[in-house]
Amino acid sequence: MADIAAVPLTPASPPRGTLARAERFVWLTARVLEQRLFAHHFRDGAPGPVETALEAYRNDDGGYGHGLEPALRGPASLPAHTARALYVLDAVGRCDARRAEDVCRYLTSVSTAEGALPTVATRADGGGAAGLPGSLSATAPVVGLLHRNEVWHPWLFRATDFCRQAVESLEAARPGDVEAAVLFLDHAPDRRRAEAAAERLGRLVRRDRPVVLDPGSGHTPGTFPHEYARTPDSLARAWFTDAEMERSLDALAAAQQDDGGWPVRRLPGARDLVPGALLESRSIATVEALRILTAYGRLVRAHPGEAPRTSA
C-alpha cells in the first residue's frame, strides 16, 4: 500500500478532487475497518488488514455483533451484522468456504424453518435474533453473497428456496425488498429463472416508481437507479435507460458533502441515528459511493504517484 501521510486535523487546506476529499473524510472520521477498506479499494491496500479489523466484531457463535452495522448497537450477533461481515469479506476476496462455515452455523441457528433470517430493529440490550420471523430483506443479501462466492451449506438450500419464492411472489415494489431481491437474483444459481424474475421485478419498479428517475441537481430523497443496479452487470441495470442511469450517477457524485463524505440514505420510517452511529454510517456510505462511481467509470483510479481524477 502506498504511504499515507498524517492527515491534519485543521481544515485550512482541504484537498481537491472527489477521491482526495473522500480520503480525508475517511481518515478523519471512519472506523479502522472502513479506513482499511478504503485503503484496499483505492490505495492498493492488502486484504489482510481488512480481515484483522473485521475480526474484532466476530462472536464465538460464528456471527458478528458489536455495532458492525452501525444502526444496531450492542454485542449480540445479529443477521444484519453478519450480512455486513460477508459484504466486507466479499469486497476483499476472502469470502471462501472455510470462513463461511462458522457464519452459516450461526445463520442456521437464527433462521426460521424455511431458512429465512429475521429483520431486527435497533437495539442495545444485547438480545439476539433467534425465534423472530424471517424476511426477504434480511435473507436475500446474505444468500446472494454466499452464492456469489460459491459457498454451499445445508442451510443455504432452504434459504435459496425461500428467497426464490419470496421474490417471485412480490406484488409491490417496496425499495428495501427490491434492493434485497436484486442482490439475490444477481448471483442466484438458476440463471434463467433469476433473469425471468428480474424482468418481472423491473416491470413492478417501472409501474410503482419506488425510484427517483429525474433527480435534477443535488441529492433528492428517495431510491436511485444506482442503488438497485450497483454495477453495470447487475440484472437491475436493464430496468433503466442510459439517460436515467447517467442522471442517477450525476446525483450520486453531486451528493458528496463539503467535508468529503456522503450522506446516509434513510428509508421511510427509519429511526434517526445517534451521532456516533451516523458518523460511522457515513463512512460506509462514502466507500460505497466511491465503489459505485468506480464501477461505472465515473471515478478513475490514478497510477502510483498521480493524483486521482474523475471522468467527465
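**View 1. The lining of the largest cavity divides into 7 nonpolar, no polar and 4 charged residues.** Here Ala, Val, Leu, Ile, Met, Phe, Trp, Tyr, Cys and Pro count as nonpolar, Asp, Glu, Lys and Arg as charged, and the others, Gly among them, as polar. This is a predicted model: local features need pLDDT of at least 70, side-chain atom pairs count only at pLDDT 80 or more, and totals for chains, interfaces and linings use all residues. Residues are numbered from 1 along each chain as its sequence is written, and side-chain values use heavy atoms, with hydrogens and water left out. The structure holds 1 cavity of 30 Å³ or more. A cavity is a set of points, on a 1 Å grid over the protein atoms alone, where a 1.4 Å probe fits but cannot get out; lining residues have an atom within 4 Å of a point. The volume of the largest cavity is about 50 Å³, taken as the space filled by probe spheres set on the points. Its lining includes Cys163, Phe184 and Arg193. Helices H7 (154-168), H8 (175-185) and H9 (191-208) each give two or more residues. H7 gives the largest share, 4 residues. Helices are DSSP runs (H or I, at least four residues), numbered from the N terminus.

**View 2. Leu146 sits in the largest nonpolar core.** Such a core is a set of buried Ala, Val, Leu, Ile, Met, Phe, Trp, Tyr and Cys residues joined through side-chain atoms within 4.5 Å. Buried means under 20% relative accessible area, exposed over 50%, partly exposed in between (1.4 Å probe, protein chains only). The core has 80 residues, and Leu146, Trp155 and Trp239 touch the most other members. Beyond four places in sequence, the contacts (heavy atoms within 4.5 Å) of Leu146 include Leu86, Cys104 and Trp155.

**View 3. Phe38 and Phe42 form a tilted aromatic pair.** Rings of Phe, Tyr and Trp (its six-membered ring) pair if their centres lie within 6.5 Å; planes under 30 degrees apart count as stacked, over 60 as edge-to-face and the rest as tilted. The centres of Phe38 and Phe42 are 5.2 Å apart, with 45° between the planes. Both lie in helix H2 (residues 32-42), about one turn apart.

**View 4. Gln257 lies in the loop between helix H11 (242-254) and helix H12 (275-295).** Gln257 is partly exposed, with a relative accessible area of 33%. Gln257 touches Arg21, Pro263 and Arg282, not counting residues up to four places away in sequence. Gln257 and Arg21 are 236 residues apart in sequence, yet 9.3 Å apart in space, C-alpha to C-alpha.

Terms used. 1 Å grid on protein atoms, 1.4 Å probe; cavity = no way out; pocket = protein on both sides within 12 Å on 5 of 7 lines; lining within 4 Å.
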